[in-house]
2 protein chains.
Amino acid sequence: MSEKILQVSEIKTLASECLQHYGCDERNAEAVADVIARAERDGCHAHGLMRLAGYTNALKSGKVNGKAKPTIESIAPSVLRANGDQGYAPLALALAREPLIATARKQGIAALALTETHHFAALWGEVEPIARAGICALACVSYMPAVIPAGGSGPLYGTNPLAFGWPRADAPPLVFDQASSVVARGEVMLAAREGRELAPGIGVDSEGHPSNDPQAVLDGALLAFGGHKGSSIAMMIELFAGALIGECFSFEAAARDNKDGGPPLGGELIIAMDPSRFGDALGWASHAERLFEQIEAQNGARLPGDRRYRNRAQSMARGVAVPASVLSTIDALLQ
Amino acid sequence: MSEKILQVSEIKTLASECLQHYGCDERNAEAVADVIARAERDGCHAHGLMRLAGYTNALKSGKVNGKAKPTIESIAPSVLRANGDQGYAPLALALAREPLIATARKQGIAALALTETHHFAALWGEVEPIARAGICALACVSYMPAVIPAGGSGPLYGTNPLAFGWPRADAPPLVFDQASSVVARGEVMLAAREGRELAPGIGVDSEGHPSNDPQAVLDGALLAFGGHKGSSIAMMIELFAGALIGECFSFEAAARDNKDGGPPLGGELIIAMDPSRFGDALGWASHAERLFEQIEAQNGARLPGDRRYRNRAQSMARGVAVPASVLSTIDALLQ
């Protein structure tokens, strides 16, 4: 497969240019491009440049507001709402981050209800900067029906990722970000694009039969991880990113979506906690390290997020290999 | 197997009498007995009367303070701490419940850090009453090392349950409560007691080899549900119920425990959110029902907690069948 090495800054510039070509104003384009570039940087190509075609489609169709002006307001002493003005989520998230961190520091625990946004990409990029500010964060988002409730027959839940970030004193934050499906839908899309078979137990085709064909699974549904337990977590995330914050469920998002290939309108919940306000103001960080030492002492076990940080270091040193097919798609978009 | 039908109130009286016989004062005994009786009532026998022998051992050894006087304090505007005074958790939880609910109503979101308690039994009994007050709750607790970190070789995490409660207008709350292990340790204990084999994929023996023998697995370790994803959740719960709130991790709890068979000293975190303060004050409850209708419309899918409520209705009507062997153990304890 032919590919080209791009620096992370070049990826961001290319993505921003492409988004502005389709009507984004500069600050919306830069916020989205930053997320795309960080995905490529960290080895998460499924959320990188390959998604630009869908994102620009959604700008072209008018579904996504490329000139969104998000607003942040306090709706309870410990709850903030960021209304994304129907734009892509990154700008609203960037504007809400500092107020959320400040509220967590003041109150001990705080929540951010993100509404009226088109969310895309992975959640680790949202909890990591909060954790870098010393605040523990939990984030979740729903999407489009893709996962079958345990025991059920058809897709109802989104792939509904849950991300967690824990601040560390002498290391980058510990971060995990995991879909409620056995694998993320982006991984299935990547397998379809690369013509790879899926491992068994990941999904079913549109008739509900187990399938290893990624395209058949994209047309069918994914299974929740860990059976009914992952299914319960997917359901909880529907409630958090939907009914709790006054936004839609995955099945409602799908019903109102125009199917232009871009992400649907929906919500996200972030819970932020300041460990220095929870009872061990001085010792919590070094205490946590004792757990991490125990994990790393076990042969074969590793801390979540380790691979992402290794990919990042490598990308910053040597750039990112981008498939020529992805670049030619972007070239065509820019015509 | 010979058994006797007891009313729920008789189970509570029997448990309270037994606990007071071993030095609990009345309000501590009643709080613990209430949890035991509710476990039996709801069909969760693994957390019922069969545990009394361990609980009384821990009173006898002096590990658990049977006359604990828990204290509740506000340590940040949205964070409460309940110090259990080294007693069993139920009294501290009962005393902290109303302050937690009130703080969630006032602030939108609130957290309870429960410390210096000996926690036992299931978490659904802790989120359900909060949800009955109209507040969405998330609770987690660590225990003793029983679960292997993904890729690792030995037990490090507790079975670390995560429980969630969602208030409903015209139905009991939706509640799930799930261990981070494939099955709860109590279920393995019950299988050992009843001489049943375990299904494959639940645990390993003390040498790390897969085993279906419940006693071998109790001596060995359990696997996390859903592979590395369940393992990540178990790790997050260690951080929430440990470093965040200034309490010990499972491996630390085990190191300081006197191994008298009763639960170790440790912590718990509860996050409580008032959905009426999150952006859809009027519509959130009926909105959530639309998700539940979609779940129940799928043949084979069911709402979490349904079976528990069915067991409860049956127990309240007809009493609970308690094995004669359990009752004779309690008789012996009372001599």
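**Close-up views of a predicted two-chain model**

**View 1. Helix α1 (residues 8-21) of chain B packs on helix α2 (residues 26-41) of chain B at an angle of about 140 degrees, with the axes 8 Å apart.** Axes are lines fitted to C-alpha atoms, for helices over the stretch in contact; angles run from 0 to 180 degrees between N-to-C directions. Helices are DSSP runs of H or I, at least four residues, numbered from the N terminus. The model is predicted: local features need pLDDT of at least 70, side-chain atom pairs count only at pLDDT 80 or more, and totals for chains, interfaces and linings use all residues. Residues are numbered from 1 along each chain as its sequence is written, and chains are lettered from A in the order in which they are written.

**View 2. Residues where α1(B) meets α2(B).** Val8(B), Ile11(B) and Leu19(B) are among those from α1(B). The α2(B) side includes Ala29(B), Val32(B) and Ile36(B). The contact divides into nine nonpolar, two polar and six charged residues. Ala, Val, Leu, Ile, Met, Phe, Trp, Tyr, Cys and Pro count as nonpolar, Asp, Glu, Lys and Arg as charged, and the others, Gly among them, as polar.

**View 3. The contact between chains A and B takes 60 residues from chain A and 59 residues from chain B.** Contact requires C-beta atoms, placed from the backbone, within 7 Å. Helix α8 (residues 228-244) of chain A gives the largest share of the chain A side, nine residues. That side has 33 nonpolar, 20 polar and seven charged residues.

**View 4. Chain A can be laid on chain B by a turn of 180 degrees and a shift of 0.0 Å along the axis, with an RMSD of 0.0 Å.** The two copies are therefore related as by a two-fold rotation axis. Superposition is by least squares on C-alpha atoms of residues with pLDDT of at least 70 in both. Gly226(A) comes closest to the axis of the residues of chain A, at 1.9 Å (C-alpha).

Conventions:
Two residues are in contact if their C-beta atoms, placed from the backbone, lie within 7 Å. Helices (H or I, at least four residues) and strands (E, at least two) are DSSP runs, numbered from the N terminus.
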